[in-house]
Each structure stands twice: as structure tokens, then as C-alpha cells.
Amino acid sequence: MLLHRLASVARRRFPGDPLKTSLAGAYYEVGHGYFLAGRIEEATRYLARFAKLIRLTLHASVDGTHTLAEEIAMLKNYLLLEQMRFKGQFDFEIHLTPETDPENIQLPPLLVQPFVENAIWHGLLPKDGNK
């Protein structure tokens, strides 16, 4: 019920916000997927990752900026959620050049996530074969 309300509020208040997709996806996966199917361990893992994504997002939104390392942590968490949601239909790796120092690069929060989301939804999921 709480996730349903969160998803509903997010749809109204944050149109186009990447968080909205995650909220709606979390509601569906947890409420209609894992719990109803009796997959409690998967539901617990999904909720823990989702809670971490929410915490990281809220922390970043308060500061207005964060490090590349924090952006990568958010992306990894988001990608793990999407892997669970789409039942492992894709794999991912995040690479940095050796000279990149992710702790000293500042950027706006959620700068990369919408591009990654688009790549998953419109590039990888419709694709057949190895993703």
C-alpha cells in the first residue's frame, strides 16, 4: 500500500523524473511479483536495493552535486534493480580509464541515469540474443 501511494505521488509530482520509473517498477515487482509469488528472498533483496537507491537519490538531491563515484554507485544500484526487474535479460559493466579519479569529479546528480535507462528500455530490451 505504501509503495502504491509513493508511485502515485511520484507520477503526479515528478513527471519525467527517473525516480518515477523506479518507484512504479518497485511497486509492481514487490507487490505483484515477488511477494505474491512467494519469492521472499528476492523481494527482500529488491527492497534493500531500492531503499539504497532512494537514499542515494535523496542525498544527492540535497547537495545538488555529487562525485562521479557516487553517481556510479547510484547507477550500479539502478542497473541491479533493472536486472532483477527484467529477469537478467542484460549484463552490464562500468569502466573508467586509469587516470580518472571518481572521488574528485563533481557533477549534477542523475546526470547519466536517464541515458542508461533509455539504453535499457529502447536499445537492449527490444534486441534479440546476447545483451
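This is a predicted model: local features need pLDDT of at least 70, side-chain atom pairs count only at pLDDT 80 or more; totals for chains, interfaces and linings use all residues.
Residues are numbered from 1 along each chain as its sequence is written, and side-chain values use heavy atoms, with hydrogens and water left out.

**View 1. Overall arrangement of the protein chain.** The chain has five helices and two strands, in the order α-α-α-β-α-β-α from the N terminus. Helices (H or I, at least four residues) and strands (E, at least two) are DSSP runs, numbered from the N terminus. Of the 131 residues, 33% count as buried; buried means under 20% relative accessible area, exposed over 50% and partly exposed in between (1.4 Å probe, protein chains only). Among contacts (heavy atoms within 4.5 Å) between residues at least 6 apart in sequence, 68% join residues at least 24 apart.

**View 2. The largest nonpolar core.** This core has 15 residues; a nonpolar core is a set of buried Ala, Val, Leu, Ile, Met, Phe, Trp, Tyr and Cys residues joined through side-chain atoms within 4.5 Å. Tyr 34, Tyr 46, Tyr 78, Leu 79, Leu 81, Val 116 and Ile 120 have the most contacts inside it. Helices α3 (40-63), α4 and α5 each supply at least two residues of the core, and α4 gives the most, with five. Leaving aside residues up to four places away in sequence, Val 116 touches Leu 75, Tyr 78 and Leu 79.

View 3. Gln 113, Val 116, Glu 117 and Ile 120 are buried in α5. Seen down the helix axis, the buried residues of α5 fall within an arc of 100°, so they line one face of the helix; the arc is that of the directions from the helix axis to the C-beta atoms. The face turned away from this buried side carries the exposed residues Phe 115 and His 122.

**View 4. Surroundings of Glu 82.** Glu 82 is found in helix α4 (residues 68-85) and is buried, with a relative accessible area of 3%. Not counting residues up to four places away in sequence, Glu 82 touches Phe 90, Ile 120 and Trp 121. The side chains of Glu 82 and Trp 121 are joined by a polar contact of 3.3 Å. A polar contact is a pair of N or O atoms within 3.5 Å; within protein, one must be able to donate a hydrogen and the other to accept it, and residues adjacent in sequence count only if both atoms are side-chain atoms. Glu 82 and Trp 121 lie 39 residues apart in sequence and 9.9 Å apart in space, C-alpha to C-alpha.
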